[in-house]
Amino acid sequence: MDNRSKNFIFVPFCLMAQAYQAQGIVKYEWKSSIKPFMNLLIEHDINIIQMPCAEATFENNLIREPKGISKYDTKDFNLHCEKLSLDVAHQIENVIENGYNVIAVLGIEQSPSCCVNYIYTNDGMKNRMGLFMEKLHNKIKKYDIPIIGINRKFINKSLKELELIIK
């Protein structure tokens, strides 16, 4: 008998490895931002797939200054995000084609790459997806997979949204 879990979730790399975030970004204790999500996913036997970090892999550097979306919105970075999103979309398709469920994709709000709902810019808060997440969303929207933006400042709201999907 095969008892493996049939449910998958795709998470941003930095959710489980905060060292991948730009310097000065991690303002909240790592345990308080990761532990509730990991506990929930483990408790419900959900397979966790880390998506690549577009910013760290583009610069090949974990130690980098934070940059806004306007600094990343370049031809080269968008091509990089396009390639990464294609790879992740293929993983998602493979999971689904093999009879498994992708219950959600998680993003990190305010990230120039992975935000889902909003990001702060020089012009104030904008309602938009990050460069990587936008490309990924366009490739997987036919599957109607929920995409949840995690706001580390208001973690409980994101956690409740994920709990509703899981249950």
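Visitor: Which strands does helix 5 lie across, and at about what angle does helix 5 run to strand 1?
Guide: This is a predicted model. In this model, helix 5 lies across strand 1, strand 2 and strand 3. Relative to strand 1, helix 5 runs at about 170°.

Visitor: Which strands does helix 6 lie across, and at about what angle does helix 6 run to strand 3?
Guide: Helix 6 lies across strand 2, strand 3 and strand 6. The angle of helix 6 to strand 3 is about 160°.

Visitor: Is helix 5 parallel, perpendicular or oblique to helix 6?
Guide: Helix 5 covers residues 75-97 and helix 6 covers residues 131-140, and their axes lie 8 Å apart. The two pack at an angle of about 40°. Angles under 35 degrees count as roughly parallel and 65 to 115 as roughly perpendicular. The angle therefore makes helix 5 oblique to helix 6.

Visitor: Is the crossing of helix 5 and helix 6 left-handed or right-handed?
Guide: The helices concerned are the pair whose axes are 8 Å apart. The crossing of helix 5 and helix 6 is right-handed.

Visitor: How many nonpolar, polar and charged residues does the contact of helix 5 with helix 6 have?
Guide: On helix 5, the contact residues include Phe 77, Cys 81, Leu 84, Val 88 and Ile 92. On helix 6, among them are Leu 131, Phe 132, Lys 135 and Ile 140. By class, the contact has 11 nonpolar, 2 polar and 4 charged residues.

Visitor: Which strands stand at the edges of the open sheet?
Guide: The sheet has 4 strands in the order 2-1-3-6, with parallel pairing, and its twist averages 25° from one strand to the next. Each edge strand has a single partner strand, so one side of each is left without a neighbour in the sheet. The edge strands are strand 2 (47-51) and strand 6 (147-150).

Visitor: Which residue of strand 2 does Val 11 stand opposite?
Guide: Strand 1 (residues 7-12) pairs with strand 2 in the parallel sense, over 5 bridges. In strand 2, the residue opposite Val 11 is Gln 50.

Visitor: Which residue of strand 6 does Ile 108 stand opposite?
Guide: Strand 3 and strand 6 pair in the parallel sense over 4 bridges. Ile 147 and Gly 149 point one way from strand 6, while Ile 148 and Ile 150 point the other way, and all are buried. The residue opposite Ile 108 is Ile 150.

Visitor: Is Ser 111 buried or exposed?
Guide: Ser 111 is found in the loop between strand 3 (101-108) and strand 4 (118-121). Leaving aside residues up to four places away in sequence, Ser 111 touches Glu 55, Ile 119 and Gly 130. The relative accessibility of Ser 111 is 14%, and the cut-off for burial is under 20%. Ser 111 therefore counts as buried.

Visitor: Is Asp 45 buried or exposed?
Guide: Asp 45 is found in the loop between helix 2 (30-43) and strand 2. Asp 45 is not a glycine, yet has a positive phi of about 55°. With 53% relative accessibility against a cut-off of over 50%, Asp 45 counts as exposed.

Visitor: What is the relative accessible area of Asp 144?
Guide: Asp 144 is found in the loop between helix 6 and strand 6. Asp 144 has a positive phi of about 55° although it is not a glycine. Asp 144 is exposed, and its relative accessible area is 69%.

Conventions: Residues are numbered from 1 along each chain as its sequence is written. This is a predicted model: local features need pLDDT of at least 70, side-chain atom pairs count only at pLDDT 80 or more; totals for chains, interfaces and linings use all residues. Side-chain values use heavy atoms; hydrogens and water are left out. Axes are lines fitted to C-alpha atoms, for helices over the stretch in contact, and angles run from 0 to 180 degrees between N-to-C directions. Angles under 35 degrees count as roughly parallel, over 145 as roughly antiparallel, 65 to 115 as roughly perpendicular and the rest as oblique. A crossing is left-handed if the near helix is turned anticlockwise from the far one by less than a right angle, and right-handed if clockwise. Contact means heavy atoms within 4.5 Å. Ala, Val, Leu, Ile, Met, Phe, Trp, Tyr, Cys and Pro count as nonpolar, Asp, Glu, Lys and Arg as charged, and the others, Gly among them, as polar. Buried means under 20% relative accessible area, exposed over 50%, partly exposed in between (1.4 Å probe, protein chains only). Two strands pair if DSSP finds at least two bridges between them.
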